[in-house]
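Please take a moment with the sequence and the model below before reading on.

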Amino acid sequence: MTPATLFIVLLTLCGFAYYVGRRRAVAVAGDASQIINLHSRPTYYGAIVALWCGIPALILFVLWLAFESSIITQIVISDLPENIRSQTAAELNLFVNQIRNIVIGNIVSGKITPAMQAAADHYHSLQATSKAALAVVVISMAMLGLLVVRTKISPTLRARNAVEKVILYILIACSTIAIFTTIGIVLSVLYEAIRFFKVIPITEFLFGLQWSPQMAIRADQVGSSGAFGAVPVFLGTALISAIAMLVAVPIGLMSAIYLSEYANKKFRAIAKPLIEILAGIPTVVYGFFAALTVAPFIRETGGVLGLDVSSESALAAGLVMGIMIIPFVSSLSDDFINAVPQSLRDGAYSLGATRSETIKQVVLPAALPGIVGGVLLAVSRAIGETMIVVMAAGLAAKLTLNPLETVTTVTVQIVTLLVGDQEFDSPKTLAAFALGLLLFVVTLILNVIALYVVRKYREQYE
Amino acid sequence: MNNPEIKSNNNKKRPERTLDIVNRGLARRYQAEKRFRFYGLMAIVASLLFLSFLFISITGNGYGAFQQTYIQLNVFFDPDHLQQDSLATADYQGLVKKSLRAMFPEVKSRRDKRMLYGLVSKGASFQLRALALKNPGIIGQTQSFWVPADDDVDMLIKGHSSRKVPEDERRLKDKQLAWIDQLSAAGNIKKKFNKTFFTGGDSREPELAGIWGAVVGSFLTLVVTLILSFPIGVAAAVYLEEFAPKNRWTDLIEVNINNLAAVPSIVFGLLGLAVFLNFFGLPRSAPLVGGLVLALMTLPVIIIASRSALKSVPPSIREAALGIGASKMQMVAHHVLPLALPGMLTGTIIGMARALGETAPLLMIGMVAFIVDIPGGFTDPATALPVQIFLWADSPERAFVERTSAAILALLAFLITMNAAAVILRKKFEKRW
């Protein structure tokens, strides 16, 4: 029985358990007119039987699937002949992969030795046993739950309270997933990053001026010694984000001011959703647009002006990223400008200020904390933006502030280091996790500050 | 009110009043006002210009891919070539070559022949094979077919590559151009609707590449995302909004959710790579893993939207339900949830639209592989529509530029449909209490 069919069987069993529980409750009460004697309505008795039938079996099912493959692998490895087991970890790993490939029926590279075939057969039989055992154990557990709870049904059983309690626990469990996700991110990135810092000292990573993550495969290879000084990568990220913010903040802020202070209702109803379309366009589309249209345009314009512009200039990527962020800045600023009480504006008007003076000297200073928070969120988004820079910015890590040259960013490096086949013990792939850790920490700090500012500001006028 | 300084001048001049000072500056201030207003308008115009420029550039590049150049061939299904028992492996390429030679008998030298064969796509032989397998009775007959032309021919017919370029810089040589002219004079070459683009999987040959495989991959991924993130998101929102006590623990959850909504998507990709692939050993490139990662990513969006939907249900409804003896759980399940559901669904659709356009985390978990087959299940290797766009954007052939733009148009069409559905849903069910 495949896991999918087993799952469906389990669900059917739960449905059956619900039906059984309901009928039993009615039977215990006497007949349908007597259900008033029950503590809860019959559906709750059905639900409690179904829950006891389904949940323990489901938990076991998930745990079994999660650990099945690693346990089987351990058993197979421990039964391997001595000479194979004494290999290095990497060779053993390769061997196990070969075995798995044989089991699945993939094409195996190299010759299949008898030992390998024997191990694969062993693996296969263990897998079959495990599958059968899983089906038997899960179904009997479900049946057990069903039968035990069914016998417990009586008019005094507080079924509704029990069911509601279970549901409440499920709700709590769902709400903690956000915390587990954060912990998962931190642990997974941190673990690999620490392995990286064991090879490359953290000071070299943070303050080194050269980045060329290609490692030599053989010792005698030239020119690929691997240098992991991330300063050029940070600088490139900062440069592109700065260009993006130079585009997004003035345009976004000014359009928010116009929409909330000057525009009439009709104009606002048309222009606001149109600008927000910009936020809904996938970043891969922006990346394609930047690489295909904007970058050649900038290079040609630069050529006319006598400037030497790289075809993957920071300017093109930053410009398009700025366009992407405009609606983000504009809708957040719009919220905060609207939150400024009308009484402040009326006060300024009554002193004889013009509209623009009111905006510049009263509304904007009042909304400033919120706008700053919004801009910080936008910066964090610019730093973490991936597809535009992967498609439009370059790979060469240059230590430059010239927007017409090629620079690279943290996200570009993560993608190039991790896409394709990887070995998980070379500093090259681990470097991606170190960069990821840094990216996470920086955006986390920006987000926390921004969210704090925004939240505090919202309370101020509420 | 007179200025005291002027007053001390013993009324020699007419005293200047504040109003005069104000009046003097008025023209300048109105000017500034006008300028400021103009800047605001310009900002909006600029963003709308960017938007229209983007759409025009993508549409202009992409609409051509909905058509494809086809060449008509008269193919004789030679019984000597095609034995009944080996129909699947017969040399269909040979048949195509033979009929091309029959059309241009004057072509003799080896090099010229190879150039002639280059006019027709490699997909032509697959087309013949499929036909022969389906209908073996065709063997021994001559039939005329429209087969896809090579992408270079396609680009020439569509006017994307120029004939004026010197011959050695051109993909198509002078002789090939002459043959193409001969074909089009005879009406044997023409543009037709490009069905392959909507039904095919990925291919290295632009004329055979389609988006269907990627669309199916995206669909499977989104199904996993929806199944996981909608119930969990709604449950979390219900707990936080209706049941949770105000304490440090729920504060922590709240900060976490708000923060996760702003974490870069690529970091979720790293999480998927380290946890789902390396720790749990789930298959690479599978929609299942893609769906898991995207579910974690959209969860905060759905939770935040669901909470605001729950907040907008007035307290009187809750009090009425509690007042007639409902338990808290019954109050939520029977009264609050149904009223908040449209708002939750709107938020979910918007979250799904975001997930559909997401590329970076999928790159991390290996959904960038070159996959020709249409995925059939949640653990088959697959790719997604935005990733397909990314892959095609990297391809050097000119014809892929057109196809990339067309794939973008398809993606945007899906997104617009989803967002329109969300807007309609909101309009229809929005209630002002």
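Predicted model: local features only at pLDDT ≥ 70, side-chain atom pairs only at ≥ 80, totals over all residues.

Chain A has 17 helices and two strands. The radius of gyration of chain A is 31 Å, whereas the globule rule gives 23 Å for 462 residues, and because the value for chain A is well over that figure, the chain is more spread out than a compact globule. Along its principal axes, the C-alpha trace of chain A spans about 85 × 80 × 35 Å.

Chain B, for its part, has 17 helices and three strands. Here the radius of gyration is 33 Å, well over the 22 Å that the globule rule gives for 433 residues, so chain B is more spread out than a compact globule. The C-alpha trace of chain B spans about 115 × 80 × 40 Å along its principal axes.

Chain B is divided into domain 1 (4-63), domain 2 (66-208) and domain 3 (212-429). Between the C-alpha centres of domain 1 and domain 2 of chain B there are 65 Å.

The strands of chain B can be followed next. Three strands of chain B form an open sheet in the order β2-β1-β3, with antiparallel pairing. In this arrangement β2 and β3 of chain B stand at the edges and have a single partner strand each, so that one side of each is left without a neighbour in the sheet. On average, and with direction ignored, neighbouring strands of this sheet are turned by 40° against each other.

The pairings themselves can be traced residue by residue. Strand β1 of chain B (residues 67-76) is joined to strand β2 of chain B (residues 142-148) by seven bridges, and the two run antiparallel. Asn74(B) has Ser144(B) as its bridge partner in β2(B), while Tyr70(B) has Pro148(B) as its bridge partner in β2(B). Strand β1 of chain B is also joined, by five bridges, to the antiparallel strand β3 of chain B (residues 189-193), where Gln68(B) stands opposite Lys192(B).

Where the two chains meet, the contact takes 69 residues from chain A and 68 residues from chain B. On the side of chain A that touches chain B, helix α7 of chain A (residues 177-199) gives the most, with 10 residues. The residues of that side of chain A divide into 45 nonpolar, 20 polar and four charged.

From α6(A) the contact is made by Leu168(A), Ile170(A), Leu171(A), Ile172(A), Cys174(A) and Ser175(A), and from α9(B) by Ile232(B), Ala235(B), Ala236(B), Val238(B), Tyr239(B), Leu240(B) and Phe243(B). Sorted by class, the contact of α6(A) with α9(B) has 12 nonpolar residues, one polar residue and no charged residues.

Key
Residues numbered from 1 in each chain as written. Chains lettered and ligands numbered in written order. Pairing = 2+ DSSP bridges. Helix = DSSP H or I, 4+ residues; strand = E, 2+ residues; numbered from the N terminus. Domains from an automatic or database assignment. Contact = placed C-beta atoms within 7 Å. Nonpolar A, V, L, I, M, F, W, Y, C, P; charged D, E, K, R; others polar. Rg over C-alpha atoms; globule rule 2.2 N^0.38 Å. Axes fitted to C-alpha atoms, helices over the stretch in contact; angles between N-to-C directions.
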